[in-house]
Structure formats: structure tokens, C-alpha cells
Amino acid sequence: MFDLDLWREIFQSINKNRTRALLSGFTVAFAIMLFTILFGIANGLENTFEKFFIRTAENAITIRFGTTSKPYKGLQIGRQIRPSNKDLAYLEKEFGDNIEYISAKTSRGYQVSYKKEKGSYTISGVSPDYQYIEKAEIKDGRFISLKDVKAKDKVCVIGRLVEEDLFLKESAIGKYLDLEGVQYKVVGVYSDGGGDRQERVIYAPYTTIQRLYYGNDDIGDITLTYNPKLTVDQALVLIQEMTSKLKNKFDVAPSDQRGVRIGNGVLTGKKRLDNISSGLGVLIPIIGFGTLIAGILGISNIMIFIVKERTKEIGIRKALGASPRSIVSIILLEAILITAFTGYIGLLIGVGILKATGSSLERYFITNPSVNPSILISATIVLIIAGAIAGFLPAKKASKIKPIVALRNG
Amino acid sequence: MLKIHQLHKSYPIGDSSLHVLKGIDLNVEDGEMVAIMGSSGSGKSTLLNIIGMLDEADEGEYILDDLPIKDLTEKKAAVYRNKFLGFIFQSFNLINYKNALENVALPLYYQGMKRKERQELAMFHLEKVGLTDWAHHLPKELSGGQNQRVAIARALAANPKLLLADEPTGALDTKTSYEIMEFIQQLNDEGKTILMVTHEEDIANMCKRIVRLRDGVIMEDKKVTQVRAEQYV
């Protein structure tokens with residue numbers, strides 16, 4: 001029930017005892033502000049960390065094909081395994097549910113030139129899906145399309161740095177690149193968070209590469225991303241299954257480590273990443289918890305001080321007929337009101353500081369420091385509850401003081 | 001109005017205990033004005049506190065207006081104090097951040113009276129003690145005598161059956177003391193029952209009855225001819 005008179009009493013008490021209110025409010029505001037800033041910085045560290053370590057999709061795997069190292073089913077050792085377009089289709093059919101994106105990948109170095117500018121770059125023949133596997137971000141134009149693949153067009157998508165190297169200040173879109181005598185039309189420019197090396201690659205439809213340079217339908221490697229819903233362990237099982245099916249298909253001995261290989265380096269990396277992330281995940285709550293504890297202790301101290309200071313007033317009120325309950329509620333509500341209000345202010349200041357300094361912190365490995373609002377609100381609520389508990393115990397004790405004892409103290 | 005029978009009270013001091021009240025018998029009728037006297041340590045303040053339900057007796061009977069006061073919960077004691085008793089303290093005990101009017105209105109707040117009503121009633125009582133012009137001043141802006149008058153107005157606000165005064169003039173100079181006593185006498189003339197602790201003979205003689213305590217027992221209990229305070233003012 002809303003009791004206007006009670007709130008009037010509380011507001012008067014706050015208003016007439018401003019130093020006291022400011023003192024307790026400052027502690028709360030400061031604690032919440034620190035909490036926000038520390039949490040933001042910790043989150044910023046984590047953001048940086050993710051940016052540095054995630055080059056390709058976390059769930060990407062590459063299937064590589066080589067020469068057999070063991071004789072099997074009457075076949076000789078040292079046989080080159082050559083997967084083709086139909087093997088790509090086979091994988092899609094067999095593991096369709098567990099495959100998110102799949103692409104062929106034939107890579108080779110070429111001399112590339114545009115007008116007078118020259119350079120040596122890796123050309124990868126890929127499928128349209130490769131954009132998502134590599135997490136290439138299209139800056140200009142588009143990526144390789146299905147139509148390009150079907151028509152075996154001489155088009156290419158170049159990395160941001162290729163454009164910079166060869167086209168200098170011009171836009172590359174629509175221009176023709178010379179790849180060892182063959183003209184490729186540039187249809188897109190991409191950037192890749194994975195670093196410089198990955199922005200110096202040129203992508204072309206794998207079918208075009210097959211037609212122009214190999215004259216067959218060999219596809220080199222296969223890269224794919226598995227269904228992101230799979231756990232790391234499920235993914236490892238999937239990899240094993242793929243390996244054994246492909247080995248069976250190409251008559252490679254099950255124990256042969258070279259004929260068909262699936263690198264799960266990314267997966268082990270992901271495991272490591274998860275470990276470090278969870279390390280940060282432990283550190284962040286500890287920081288937050290520590291700050292909150294400091295805040296709670298501060299509030300508790302002040303509440304005890306406030307109740308002590310008000311002992312005489314409590315005695316007077318009791319002598320005039322205040323019930324213990326009304327004593328508790330007047331002290332408690334004042335504490336909650338101050339904590340909630342100043343907690344909110346601290347929150348605003350903290351977020352403001354993060355916003356103001358956020359971008360200048362990048363050289364300290366802090367990217368986009370920000371805090372989830374729900375965490376902030378729960379932190380404030382925790383402080384309010386702590387303030388309430390911290391206020392409740394002394395208030396309860398004070399409400400039980402015999403008025404005569406309280407009055408004698410004055 | 002007030003019946004006390006064989007009242008005992010001890011305070012623990014370390015391992016032993018100090019027997020402060022050793023069987024007090026006291027009856028006070030409606031309209032009386034009683035001074036309780038005694039040297040310090042005689043138990044006079046303890047007795048007043050027990051009567052004021054600010055403290056509890058260990059043993060004995062205490063009946064206030066036919067209502068036995070025993071084993072009260074804090075809540076009940078609060079209600080009784082509010083309804084039956086008005087307090088006047090030596091150190092006034094006003095709330096320092098509330099102005100005179102708000103201080104007088106406080107017991108009415110605890111009665112659950114509406115804000116407007118209680119402000120009107122508080123104003124009425126302030127007028128009675130002659131402080132209408134000072135209603136919106138804080139205690140620190142008032143003199144000792146004025147503060148005590150605010151305290152008296154506050155004690156009267158809830159229209160109590162019994163007015164309890166603990167050394168009401170203890171912090172005041174003689175002239176102001178007599179002014180306050182004059183006022184208290186007027187209240188008594190109007191029919192209020194008043195119980196007052198004092199150690200000043202002249203103040204005690206302004207009451208109608210003097211009860212002398214010594215070492216926790218009543219030594220003497222006699223009616224006196226009231227000395228009117230106005231003759232000194």
C-alpha cells in the first residue's frame with residue numbers, strides 16, 4: 001500500500017540530512033561506477049581476444065587429399081587421391097544435415113598483373129559457400145555466385161590488399177586482372193578480419209580453374225563448416241565418420257594417415273579458445289563480485305552509522321508511539337531509495353565513461369568496452385538488496401532498543 | 001487513574017544486579033499533580049520510565065486507567081504510549097530536523113491522523129503554548145523555554161490521560177522554569193493528571209503532592225499546598 005505520509009517522512013529525513021544521504025549515496029554510486037567500468041574493460045579484453053583469434057569460422061574443417069602411404073585392396077602405395085566434383089556432391093548427400101557450408105578449394109600461386117602493377121598471389125578456386133567459411137566480408141561488388149560456377153566464368157573476387165597493391169587508388173570492380181595470360185573480371189573486393197595474409201588471396205570459381213588449368217574436374221581440398229549446433233565432441237565424431245567414409249570410397253586403408261586427412265586443428269584451437277574464454281569468464285565475475293562486495297561493505301558501514309546517529313530520534317519516535325515496524329520501514333525505505341537513485345547515477349556515469357573513452361583504449365587491447373545492461377541492472381538490484389539487508393539489521397536492532405536507552409544517549 | 005503495587009526493578013551490573021525499586025506502592029487519582037523527588041540513584045527516574053512504559057518492571061502490578069500494563073509487546077506498548085501518555089523530557093527531545101509544527105504533529109502521525117487534520121490540531125496546541133509565530137522554526141532556532149513549550153504542546157497533542165515530565169525544568173534557568181511550571185499548573189487546573197520527577201524543592205512545591213524516594217522505597221508521601229508559579233513570574 002502506498003503511504004504518502006511515510007514517504008513524506010522519508011523525503012524530509014533525506015532532505016534535511018543531506019550530508020548523510022550524500023555520503024551513503026556516493027559510496028553506492030562509486031561502487032556501481034567501478035563495477036561498470038571494470039566489467040566493461042574486462043568485456044573489452046574479451047572482445048579483442050575474439051577478434052584476434054577468430055580468422056575463419058570456428059566450425060570450419062578442411063579435408064585434404066594426398067598420396068597413400070599403405071597398400072590396400074591390392075592397390076599400390078604412393079597413389080594420389082583425386083577427389084572430384086561428384087565427391088563434393090557425395091559429402092553433401094551423406095552429411096547434409098551436419099554440413100552448414102561446403103566448398104572446393106584448389107590453391108596455387110600465380111603471377112598477377114594489372115597494367116604496370118605486378119605481384120605474386122594465391123588463387124583459390126572455390127564455391128560460393130566459401131565466403132561464409134572464410135568469413136570474408138564483401139566491401140564492394142559481390143562474391144563468386146552459383147551462376148559463375150555453373151558457367152565457369154572468368155571472374156574473380158580479390159582481397160582488400162590486392163586491390164590496394166595492384167589498383168592503387170582506383171576501384172577494382174569491373175576491371176580485368178591478368179592471371180598468367182588469362183583475363184579475369186573483378187566482380188568483388190572483400191576484407192577479412194583474419195589478417196593481411198588472408199586479404200592477399202584471389203578467389204575464382206573452382207570450375208573455371210578446373211577448365212583453364214587442369215582440364216579435369218579435380219577439386220583439390222574440401223573445406224566445410226559443420227552445423228554450429230554440434231558440440232566439439234560431436235564434431236570430432238562427425239570428422240571421424242567422414243574420414244572413414246571417404247577412405248572407403250577411395251580405397252584407402254583405414255589406418256592410412258596421408259591419403260585422406262581432416263585437419264581438426266581448428267577444433268583443438270576452438271577448445272583452447274573456449275578454455276581461455278572460460279578463464280576470462282571466471283575472471284570477470286570475480287572482478288564484478290569483488291567490486292560489489294566492496295560496495296556492500298561500504299553501504300553496511302554507512303547504514304550502521306546512520307542508525308547509530310538516529311538512535312535518539314528513534315527513541316523519541318518510539319516514546320511518541322511509533323511501532324517497531326514503522327521504525328524499520330522508515331530507515332529501510334530511506335536506504336533503498338538512496339541506493340536505487342545513486343546506484344542509477346553511478347551506472348550512468350560508468351556507462352558514460354566507457355562510451356567516452358571506449359575507442360581510445362584499443363591500443364591497450366580493449367575493444368568496444370561495454371556492459372550488458374541486464375548485468376548492470378542486476379548489480380544495482382544486488383546493491384539495493386544489500387543496502388536493505390545492511391540497513392535492516394541495525395534498523396531492526398534500533399527498533400528494539402528501549403526508548404529510554406535511546407533517549408539517554410542524547 | 002494509576003495504581004502501582006509492590007513494584008520491583010533491578011538492573012544487572014556485571015555479575016551482580018542493582019535493586020533500584022524495592023516494592024513501590026503508589027496510587028494517583030485523576031487530576032492530581034504529583035512530584036516524585038529523591039536524590040540521584042533513588043529510583044525516581046526508573047519509576048517514571050516504568051509508568052511511561054519506556055521500561056518494564058520485573059515484578060509487581062501496574063494498572064493504568066483500569067488497564068493492566070504487563071508483558072506488553074513492543075507494538076502494544078507503542079499504541080498505549082501514543083494513546084495514554086504524553087512525555088516532557090529534561091532535554092526536550094525534539095527531532096532536530098523538524099520544525100515546531102512538525103514535532104507537535106508527530107504523535108498524531110503515529111495515531112494515523114490525516115496530514116491536514118494533524119497540522120490543524122498541532123497548530124491549535126502551539127497556539128495554546130503561545131508559539132504560533134514560531135511554528136515553522138527549527139528547534140535550534142528556539143530558546144530552551146520555547147523548545148520546552150513545543151515539547152509540552154507535543155505531549156498534549158495526542159490528548160493523553162497522563163502527562164509525564166522528567167525534570168522538565170532541569171535545563172532551564174529559574175525564570176523560564178517558573179514560566180514552564182505556570183503552564184503545567186494551568187494544564188493541571190484544566191484537569192490533566194501530571195506526574196513529574198524533579199530534585200528541586202521549589203518546583204516540587206508547585207505540585208499538589210510530593211512523593212519522596214530513597215534507595216528504592218517511598219520514604220514520604222504527602223499532600224502539599226500548591227505554590228502558584230505565577231507569583232514568581
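Which residue of β10(A) is the bridge partner of T62(A)? In this predicted model, the partner of T62(A) in β10(A) is G263(A).

**Chain A overall**

Chain A contains 13 helices and 10 strands. Of its 410 residues, 38% count as buried. Among contacts in chain A between residues at least 6 apart in sequence, 81% link residues at least 24 apart. The mean pLDDT of chain A is 82, and 90% of the residues score at least 70. Among the elements of chain A, strand β5 (residues 155-159) has the highest mean pLDDT, 92, while helix α13 (residues 403-409) has the lowest, 66.

**Strand pairing**

Strand β1 (residues 60-65) of chain A is antiparallel to strand β9 (residues 221-226) of chain A, and 4 bridges connect the two. Within that pairing, I63(A) has I222(A) of β9(A) as its bridge partner. β1(A) is also joined by 4 bridges to strand β10 (residues 260-263) of chain A, again in the antiparallel sense. The T62(A) bridge to G263(A) belongs with β10(A).

In chain B, 4 strands make up an open sheet with antiparallel pairing, in the order β2-β1-β4-β5. The edges are β2 (16-28) and β5 (67-68) of chain B; each has a single partner strand, so one side of each is left without a neighbour in the sheet. Strand β1 (residues 2-13) of chain B and strand β4 (residues 59-64) of chain B run antiparallel and are joined by 5 bridges. I4(B) has Y62(B) in β4(B) as its bridge partner. Strands of a sheet pair through backbone hydrogen bonds, either parallel or antiparallel.

| Strand pair | Bridges | Sense |
|---|---|---|
| β1(A) and β9(A) | 4 bridges | antiparallel |
| β1(A) and β10(A) | 4 bridges | antiparallel |
| β1(B) and β4(B) | 5 bridges | antiparallel |

**Two positions in chain A**

L38(A) is part of helix α2 (residues 18-53) of chain A. Is L38(A) buried, partly exposed or exposed? With 18 other C-beta atoms within 10 Å, L38(A) is partly exposed, because a residue needs 20 or more to count as buried. Not counting residues up to four places away in sequence, L38(A) touches I287(A) and T291(A). T291(A) is 253 residues from L38(A) along the chain, yet their C-alpha atoms are separated by 8.6 Å.

D251(A) sits in the loop between α8 (232-249) and β10 of chain A. D251(A) is partly exposed as well, having 14 other C-beta atoms within 10 Å. Residues up to four places away in sequence aside, D251(A) touches Y72(A), K73(A) and L75(A). The sequence separation of D251(A) and K73(A) is 178 residues, and their C-alpha atoms are 7.1 Å apart.

**Contact between the chains**

Contact between the two chains involves 20 residues of chain B and 17 residues of chain A. On the side of chain B that touches chain A, α2 (74-84) and α3 of chain B each supply at least two residues. α2(B) gives the most to that side, with 6 residues.

**Helix α3 of chain B**

Helix α3 (residues 100-111) of chain B packs against helix α4 (residues 115-128) of chain B at an angle of about 120 degrees, with 8 Å between the axes. α3(B) and α4(B) are therefore oblique to each other, and their crossing is right-handed. From α3(B), the contact is made by A100(B), L101(B), V104(B), A105(B), L108(B) and Y109(B). The residues of α4(B) that make the contact include R118(B), L121(B), A122(B), H125(B) and L126(B). An α-helix has 3.6 residues a turn, so residues three or four places apart point the same way.

Of the 12 residues of α3(B), 11 are buried, so the helix is largely enclosed by the rest of the structure. Among the buried residues are E102(B), N103(B), L106(B), P107(B) and Y110(B). Their cover includes α1 (4-16) of chain A, together with α2, α4 and α5 (144-157) of chain B. Just after α3(B), G112(B) has a positive phi of about 85 degrees.

Definitions and conventions. Residues numbered from 1 in each chain as written. Chains lettered and ligands numbered in written order. Predicted model: local features only at pLDDT ≥ 70, side-chain atom pairs only at ≥ 80, totals over all residues. Contact = placed C-beta atoms within 7 Å. pLDDT = per-residue confidence, 0-100. Pairing = 2+ DSSP bridges. Axes fitted to C-alpha atoms, helices over the stretch in contact; angles between N-to-C directions. Parallel < 35°, antiparallel > 145°, perpendicular 65-115°, else oblique. Left-handed = near helix turned anticlockwise from the far one by under 90°.
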